[in-house]
Amino acid sequence: MQNRSGIVTTTHRRDFLRIGSLMTLGISSQLMSAKPAMSRTVVRNGKAKSCILLWLDGGPSHLETFDPKRDVPEEVRGPFQPIATVVPGIELSELLPLTAGVTDKLAIVRSVSSPLGEHGIANQYMLTGYQPGSPVVHPSFGAVFAQHRRSDAPLPNYIVVPESRPSMGAGFLGSSFGPFSIASDPARPDFQVKDLDYFPGVDGDRLKRRRRFLREIEAMEKSLSAGNVTLDPLFEKAFRLIDTPEAKRAFRLEEESEATRSRYGGRTFGQSCLLARRLIERGVGLVSVLQTGWDTHQNLILSLRDGFSGAKVGVGLVPTFDQAFSALIGDLHERRMLDETLVVAMGEFGRTPKLNTGGGRDHWPRVFSVVFAGGGVRGGQVIGASDRIGESPLERPITPADLANTIYSLLGIDPDSELITPDGRPIRINQGGHFISEMV
Amino acid sequence: MMFYALLVASVLVSDLAPVDFDSQVLPVLTYAGCNAGACHGAAAGRGGFQLSLFGSNPDADYSAIVHFAEGRRVNLSEASKSLVLTKPQGILDHGGGTVLGDSSSSVAVLRRWLEEGAKRGKEKQLKQLRVVPVEAVAEKLGESIPLKAYAQFSDGEEIDVTEWTVFHSTDPASIEIKESPVRAVCYRPGKHLLTARFWNRIVPLSVLLPYQTDRKLALQPAGSSGFVDTEIDIQLDKLGLVGTAVADDNAFFRRLRLDLTGRLPTPEELREFQVSSVSDRRVKKIDQLLESREFSEFWSLRLARLFRLRGSQEEPQAAAAYGQWIRSSLESRRPYDEMIREMLTATGDSHVVGASNFTRTARDARAHAELVGSVFMGTRIQCANCHNHPFASWTQDDYHGLAAIFSRFERGRFVQVKKMGAVTNLRTGEAASPRLPGQHDLEDADSAPGQFANWLLEKDNLHFAKATVNWLWDAMMGRGLVAGVDDFRETNPPSHARLLELLADDFVDHGYDLRRTLGWIAKSAAYARSRGRQTDAKELEAWYGATVARPLMPEVLLDAIDDVLFTSEVRQSEKGKRAIEMLDPAIPFPELDALGRCSRSENCQSTSQQQGLASKLLAINGALMNRRIADRTGRLQRALADGRPPEVIILEFYERALSNRPSDTQLALWLGELKGMSREAQTRWLEDFVWSVLSSDEFASNR
């Protein structure tokens with residue numbers, strides 16, 4: 001349906017259950033909207049055309065990745081040392097030697113701060129820019145981008161590899177803007193996306209007929225003529241994707257050379273990043289790549305460096321990330337795609353400044369790091385700082401709402417513009433965030 | 001307007017008495033947003049300065065302002081240089097920006113309090129916050145409604161606090177708050193909710209603007225649930241809405257059969273129902289279904305979802321015992337309060353004592369308290385873990401006290417009560433004492449779960465009854481009277497408060513009988529309504545003036561697909577069990593998972609089954625539907641093998657799947673397509689037809 005602002009919104013049947021409750025009785029928890037006073041810097045028309053969001057699920061330790069500390073007691077520093085990078089003055093953890101080689105392309109934000117230290121709600125805040133708690137379920141970046149950058153291409157505009165998280169959903173925008181989760185592991189030799197090809201005995205002509213029949217049946221029940229019935233847009237989308245072999249080729253990783261495949265690393269996260277690059281290349285708007293396991297309460301050496309497989313070379317979380325991330329940045333750069341592709345690596349929070357008794361670190365949202373690259377972002381810089389032991393922001397505290405504002409701006413979405421809920425309520429794309437002006 | 005502001009200011013900053021910390025300074029901090037969750041009211045504070053959320057802990061706030069940070073926040077010799085003034089005024093750098101204007105009356109209050117020596121004054125409590133009007137009715141678009149707020153403190157006086165009350169609209173496009181004087185301006189018809197917050201209290205108020213003021217309420221269809229329809233019709237009337245007529249027999253019967261038994265009606269049943277000459281055949285049918293074995297079977301699944309029954313692969317016996325206990329309790333018509341009492345207190349071998357598994361559902365005492373709050377009290381008490389609940393009356397002491405009640409349970413296979421066990425109250429840092437929420441501490445920790453059960457299930461305590469009838473209403477009507485079955489709070493009031501009370505009273509007075517309440521609902525005219533027209537469906541659905549479409553549960557959907565495509569003999573021999581009998585989601589069943597089976601890790605309502613594109617790909621190319629349609633033993637292929645004419649097959653699938661007949665034009669259209677086709681082509685055509693029927697939204701929802 002077309003609403004006042006001209007944004008087309010769709011109402012999915014599952015949403016009807018919620019609509020009633022929102023219509024008149026909902027209450028937001030953001031009741032205390034302190035009067036805005038700060039001036040807002042807004043960058044419009046960001047140059048990024050697409051985005052790859054690397055979601056480090058569980059909350060990566062800032063101290064063992066992008067914010068290592070020197071000259072601090074060992075229980076703070078942890079088992080690893082800082083190393084130099086190609087940018088003088090910027091140091092990373094020794095677990096990121098390859099990333100150290102592309103640091104000139106990175107903007108590292110070291111002063112992100114959030115009040116939420118529990119996985120579910122923290123990642124909602126990080127992935128939507130809104131603190132949870134209101135009856136409105138806010139859409140994730142990917143869903144807003146998919147809604148904003150309408151595409152008629154057969155490939156879904158928002159894809160999650162290899163699997164999704166509830167906070168990556170479309171919220172009130174409705175599931176037609178939700179992510180397409182490929183739900184299979186790109187690192188497996190027999191990797192393929194489920195149900196993309198015809199069921200034996202059913203061909204394209206029969207699918208066309210089924211689609212036509214579906215409209216007839218929905219029309220009958222609504223007492224309309226079939227011409228006036230719009231099918232669930234997701235059904236339309238599915239029919240088109242199935243019918244476009246060229247689009248489905250995006251998922252054929254075997255078309256990549258052996259050298260490229262091994263450059264990203266053979267593990268799930270590496271091949272997922274490679275798939276993300278292939279998808280972006282073919283016009284997909286936003287791809288989220290999930291790396292799980294970052295909730296490292298125990299034994300950092302094993303979880304972050306060595307991995308649990310007993311391999312001689314470290315295959316833990318950080319080496320896996322290091323290889324895939326540096327390959328992705330390098331590959332996008334070489335293909336001249338980096339300028340138009342925003343890459344963001346983040347998790348829901350950082351980890352406690354002091355090691356716990358299990359040699360791990362617990363949840364710590366008060367300060368942590370998020371990394372930006374590409375999409376017009378000025379590389380080779382650190383924005384903000386944590387204090388001496390990585391406990392609190394030392395300068396330039398940045399909220400998840402600021403991050404959201406910045407991501408939207410870089411993607412050319414006006415963070416002050418409004419989305420309309422199915423019952424007609426206007427909701428700002430971003431509330432209370434400020435653009436991180438150092439980015440550009 | 002200026003005059004007005006000064007007048008109100010003079011009430012708070014009167015020359016007579018010194019400024020009071022509790023009743024004057026804290027409200028200013030709330031008003032300016034200083035102690036909100038996003039600012040210094042966060043559990044960890046902000047910028048090293050921590051206040052209690054919305055000033056709920058005056059002692060702590062007084063210390064934070066006057067004593068902490070080496071007393072730098074107050075400057076008694078030069079009041080205007082105090083950080084509590086210079087920061088919010090933006091004179092010194094403030095992360096939250098400028099929140100107080102230099103000449104605002106808020107600043108005047110703070111300055112005078114500082115000049116008078118920043119004293120704590122007499123402790124005061126806010127007894128009541130009264131807003132006027134609580135329920136306003138507007139007559140036309142653009143109308144302004146003046147808002148006032150009055151506070152009554154523990155020392156008895158009631159004063160006008162409108163100036164320091166934050167009125168909030170969640171939907172400014174419908175209703176907007178304007179200042180000087182404070183008023184609400186209404187832009188859209190409907191019933192709009194506002195909130196008023198003063199100091200540590202928040203209260204709701206509503207403004208109603210009828211949709212049509214000139215139309216008289218049309219004659220409502222007669223229903224037999226007197227009080228249900230009376231309440232629903234009163235609201236519709238107030239809103240100027242006219243509900244739809246009752247649905248026809250087929251639509252009504254399909255709806256009822258799915259809601260009460262989780263099954264589609266068979267064509268035989270449909271016909272029998274239609275030709276029945278009994279005058280109150282709908283009422284009779286409702287009573288008959290409520291007494292059926294199939295009702296107990298399906299509502300066992302509903303209860304299992306509510307209780308979040310979930311077994312483990314290693315110990316399937318535990319969930320099996322639990323499921324059996326639920327089923328037999330329902331079959332034997334055990335009063336629901338008795339069931340709950342047993343769940344709250346049962347101990348023993350969880351492989352044998354089914355009810356003891358409720359305790360095992362929670363991993364620890366806090367989770368136990370949250371589960372009890374959500375399932376039996378309809379409330380999200382977990383908000384009170386770190387701070388007093390901002391939108392409900394639960395305090396941190398209530399939360400940790402409730403957790404303490406369950407802290408002695410041992411949650412292994414053998415559920416038992418230990419001698420020891422405690423939880424820490426995060427507010428005090430000490431062991432929490434067991435406490436009945438909103439009531440008092442319990443002396444004897446050993447009997448705490450039993451005492452809690454007594455309190456919860458006491459006749460005068462309506463938390464439990466209201467939460468339960470609201471859950472039943474939600475299941476039948478598509479949306480609870482309180483939207484969100486575990487979201488009872490002052491600021492989320494029921495759409496029909498009196499109806500909720502009447503249903504709860506009736507439930508309590510008649511032996512906590514689930515079937516009785518379901519009967520009231522099913523027999524109402526509101527339940528029987530047909531769909532809204534495209535133009536006004538949304539408004540009508542919001543007020544139960546038209547039926548609300550709701551997706552079939554994955555279990556019900558899978559059974560429905562099987563019922564349409566297979567005869568019962570085939571199903572029996574192939575699978576043995578219906579999907580709705582799988583009470584335990586830990587039992588592997590990939591097809592159910594693909595349809596979005598609820599994992600029960602959270603409330604099954606809030607994990608809305610958003611499945612997106614993958615679910616459509618599955619429907620189109622997946623085996624779930626395609627394999628069943630092509631199955632030689634299935635209803636379609638058998639009918640074809642028997643040489644049944646296409647017309648008969650078409651009609652049969654309409655009736656089985658949609659409980660309906662195609663219109664004459666549509667039937668003509670279908671038959672026109674089939675004309676002149678080879679048998680083989682007809683087979684493929686019919687396969688495609690059946691696929692489309694079973695993939696339609698019409699089939700997959702109940703309305």
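User: Leaving aside its neighbours within four places in sequence, what is A:V193 in contact with?
Analyst: Its contacts are A:I182, A:S184 and A:F251, once those sequence neighbours are set aside. Bear in mind that this is a predicted model.

User: Where is A:V193 found?
Analyst: A:V193 is in a loop of chain A, between β6 (180–181) and α6 (204–222).

User: And is A:V193 buried or exposed?
Analyst: Buried, because A:V193 has 21 C-beta neighbours inside 10 Å and the cut-off is 20 or more.

User: How far apart in space are A:V193 and A:S369?
Analyst: C-alpha to C-alpha, A:V193 and A:S369 are 33 Å apart, with 176 residues separating them in sequence.

User: OK, zooming out. How many helices and strands are there in chain A?
Analyst: Chain A has 13 helices and 16 strands. It has 440 residues, and 55% of them count as buried. Taking the contacts in chain A with a separation of 6 or more, 71% are between residues 24 or more positions apart.

User: Now chain B. What does its secondary structure come to?
Analyst: For chain B it's 31 helices and 15 strands. Chain B has 703 residues, with 47% counted as buried. Of its contacts with a separation of 6 or more, 65% link residues 24 or more positions apart.

User: What box do the C-alpha atoms of chain B fill?
Analyst: Roughly 100 × 65 × 50 Å, along the principal axes.

User: How is chain B divided into domains?
Analyst: Domain 1 covers 2–115, domain 2 covers 126–209, domain 3 covers 335–456 and domain 4 covers 551–702. Going by C-alpha atoms, the centres of domain 2 and domain 4 of chain B are 51 Å apart.

User: Let's do sheets. What order do the strands have in the open sheet of four in chain B?
Analyst: The order is β2-β10-β9-β6 (chain B), and the pairing is mixed. The edge strands, each pairing on one side only, are β2 (135–137) and β6 (166–169) of chain B. From one strand to the next, the twist averages 25°.

User: In what sense do β2(B) and β10 of chain B pair?
Analyst: Parallel, over three bridges, with β10 of chain B spanning residues 201–209. One specific link there is B:A136, whose bridge partner in β10(B) is B:V207.

User: Which strands form the open sheet of three in chain B?
Analyst: That one runs β3-β8-β7 (chain B), and its pairing is antiparallel. β3 (144–146) and β7 of chain B are the edge strands, each with pairing on one side only. The twist in this sheet averages 25° from one strand to the next.

User: Over how many bridges do β7 and β8 of chain B pair?
Analyst: Four, in the antiparallel sense, between β7 (residues 175–178) and β8 (residues 183–186) of chain B. B:K178 stands opposite B:R183 in β8(B).

User: And what do β7(B) and β8(B) form?
Analyst: A hairpin, with four residues between the two strands. B:S180 sits in the turn and has a positive phi of about 40°.

User: Switching to helices. At what angle do α28 and α30 of chain B pack?
Analyst: About 15°, and their axes are 10 Å apart; α28 is residues 646–658 and α30 is residues 679–695 of chain B. α28(B) and α30(B) are therefore roughly parallel, as angles under 35 degrees count that way. α28(B) passes α30(B) in a right-handed crossing.

User: Which residues make the contact between α28(B) and α30(B)?
Analyst: From α28(B) there are B:P646, B:I649, B:I650, B:F653, B:A657 and B:L658. On the α30(B) side you get B:Q682, B:L686, B:F689, B:V690, B:V693 and B:L694.

User: How far apart are the axes of α7 and α9 of chain B?
Analyst: They're 10 Å apart, at an angle of about 20°, with α7 covering residues 249–261 and α9 residues 281–290 of chain B. So α7(B) is roughly parallel to α9(B). Their crossing is right-handed.

User: And which residues in α7(B) meet α9(B)?
Analyst: B:F252, B:L256, B:L260 and B:T261 in α7(B) do, and they meet B:R282, B:K285, B:I286, B:L289 and B:L290 in α9(B).

How values were computed: Residues numbered from 1 in each chain as written. Chains lettered and ligands numbered in written order. Predicted model: local features only at pLDDT ≥ 70, side-chain atom pairs only at ≥ 80, totals over all residues. Domains from an automatic or database assignment. Buried ≥ 20, exposed ≤ 12 C-beta atoms within 10 Å, placed from the backbone. Contact = placed C-beta atoms within 7 Å. Pairing = 2+ DSSP bridges. Axes fitted to C-alpha atoms, helices over the stretch in contact; angles between N-to-C directions. Parallel < 35°, antiparallel > 145°, perpendicular 65-115°, else oblique. Left-handed = near helix turned anticlockwise from the far one by under 90°.
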